[in-house]
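Hi,

Here is the structure I promised to pass on.

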Amino acid sequence: MKWLRTGSALILLLLFQCLWLPQAIAATNCTATQPTLSFGAVSATGTTDVQGSFSVTCNTFGLSLLAGARVRMCLSIGAGVSGGGNFSPRRMLNPSADPLQFQIYSDPARTQIWGQRGNAIVPSPVLADFDYSVPVLGGNQTQNFTLYGRVPAQAAAAGSFNNDFSGIHTAIEYRYAEQLLGTPPFPASCTSGGTAGTGTSFPFTATATVPNQCRFDVVTHLSFGSVAGAISSNQDQVSSIGLTCTSRTAWQLGLDDGQNAVGSARRMRLGASGSYVGYELYRDSTRTQRWGNTLNSDTVTGTGTGALQTETVYGRVPAQPAVPAGSYSDTITVTLTY
C-alpha cells in the first residue's frame, strides 16, 4: 500500500506541474521576394499597362501539435527615390530629369492606388492576414501579391526612365499572435496587438522607355504664281513643313532633287514636254543655303519639343530665258529622319 500511495502522489505532482507550464514562444519571421515592374516601350498617345508579382512567406517555428499562428500585415509603397514625394501620379525620370508620369495600383481595375501607411496623400497600403497551423516541426504560409502598373498617355520626352523603390520606399510591417493550443485571435492591426515582427521590404525598380517619335502635321505646296512673258527677275515664294516630335528627339528634314532634276539642278516641267523652268529650294531666307537630302550636311536639323514645329521652305525661280507658256510643276519628296 505504501508504494501505491507514493506512485499516486507522483502522478498528481506531474499533472500539477503541467498545468503551470508557460506558453511556448516562437518567433515569426516574414520575408518577401523582389518584384519587377518593367513597362518596356510606352506609347505617347495611349495607355500602357503592365503588372509585376512577388510573394511573402511567414514562418513560425514549431509550438505543439495543435498550435496556430496569425499575422496581420501592411505592405506599403512610397514615392520612390526619383519620385520627389509625388504619389498621385508617381513619376519616373530620365537622365535629363524629364518626368514620366505613372501609377501603381493594388487592383486589376487600376482604381485603388497602392500607397503607404501613414502617408497624407495616399494612405492606402495593401492589407493581408496570414492564418496557419504550426505543428512541432514548424509552419508557414505564402501569399502572392501583384503590382498593377499604368503609364497614361502624355507628352513625354524621349529616353529611358526609372524610379528605384528601395530603402524606405517599400515596407512590410506586421504583428503576429501565437497560441500553444488552438488558434489565437488576430492582432488588432499591423502595428498594434500581438507581438511585433521584424520589418522587411520588397524593393523593386520601375522602368520604361519612351522611344523617339516624329510625325508630319502639315506640308504646304510651294506656288511661284504666274509670270507674263520672260522670267526676267527672281521669283521668290515660301511654303512650310510642320512636324511634331517627342521632346529631346533629334531630327533632320531633307528634300530630294525632284523628278526632273539634271544633276543637282532642280527643274519644273511643262506636262510631258521637253520644256523646263529651273528653280531652287533653300533653308534660309537669304537663299544662300541649298536645302538637300544629305544628312548632317544640307538638311534642316532640330530637336523635338513635344509640340508642333514649323520649318519654312524658301523657294526661288531665277531669271532665265523665255519658255513656252503653260503650267510647270515638280514633285519633291520630304524625308524626316530621327
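This is a predicted model: local features need pLDDT of at least 70, side-chain atom pairs count only at pLDDT 80 or more; totals for chains, interfaces and linings use all residues.

Residues are numbered from 1 along each chain as its sequence is written, and side-chain values use heavy atoms, with hydrogens and water left out.

Sheets

E21 belongs to an open sheet of 3 strands, ordered E17-E16-E21 with antiparallel pairing. Strand E17 (276–278) and strand E21 (328–329) are at the edges with a single partner strand each, so one side of each has no neighbour in the sheet. E21 is joined to strand E16 (residues 267–270) by 2 bridges, and the two run antiparallel. On terms: strands (E, at least two residues) and helices (H or I, at least four) are DSSP runs numbered from the N terminus, and two strands pair if DSSP finds at least two bridges between them.

Another open sheet has 4 strands, in the order E7-E4-E10-E11, again with antiparallel pairing. Its edges are strand E7 (126–133) and strand E11 (195–196); each has a single partner strand, so one side of each is left without a neighbour there. Between strand E4 (residues 68–77) and E7 there are 8 bridges, and these strands run antiparallel. Within that pair, Arg70 stands opposite Asp131 in E7.

The largest pocket has a volume of about 880 Å³. Its lining takes in 33 residues, and the closest to its centre are Leu222, Phe224, Met268, Tyr328 and Ser329. Strand E14 (235–245), strand E20 (308–317) and E21 each supply at least two lining residues, and E14 gives the largest share, with 4 residues. By class the lining has 19 nonpolar, 13 polar and 1 charged residues.The second largest pocket has a volume of about 240 Å³. It is lined by 14 residues, with Ala44, Arg215, Thr244, Thr246 and Gly306 nearest its centre. Strand E13 (214–219) and E14 are the elements giving two or more residues to this lining, which has 5 nonpolar, 8 polar and 1 charged residues by class.

For the cut-offs: on a 1 Å grid over the protein atoms alone, a pocket is an open set of points with protein on both sides within 12 Å along at least five of seven lines, where a 1.4 Å probe fits, and lining residues have an atom within 4 Å of a point. Points are joined across faces, edges and corners, and a volume is the space filled by probe spheres set on them. Ala, Val, Leu, Ile, Met, Phe, Trp, Tyr, Cys and Pro count as nonpolar, Asp, Glu, Lys and Arg as charged, and the others, Gly among them, as polar.

Backbone

The peptide bond from Ser88 to Pro89 is cis, with omega near 5 degrees. Pro89 sits in the loop between E4 and strand E5 (90–93).

Arg110 isn't a glycine, yet has a positive phi of about 55 degrees. Arg110 lies in the loop between strand E6 (99–105) and E7, and is buried at 12% relative accessible area (buried means under 20%, exposed over 50%, partly exposed in between, with a 1.4 Å probe and protein chains only). Arg287 also has a positive phi, near 60 degrees. Arg287 is in the loop between strand E18 (280–282) and strand E19 (300–303), and counts as buried at 11% relative accessibility.

Cheers
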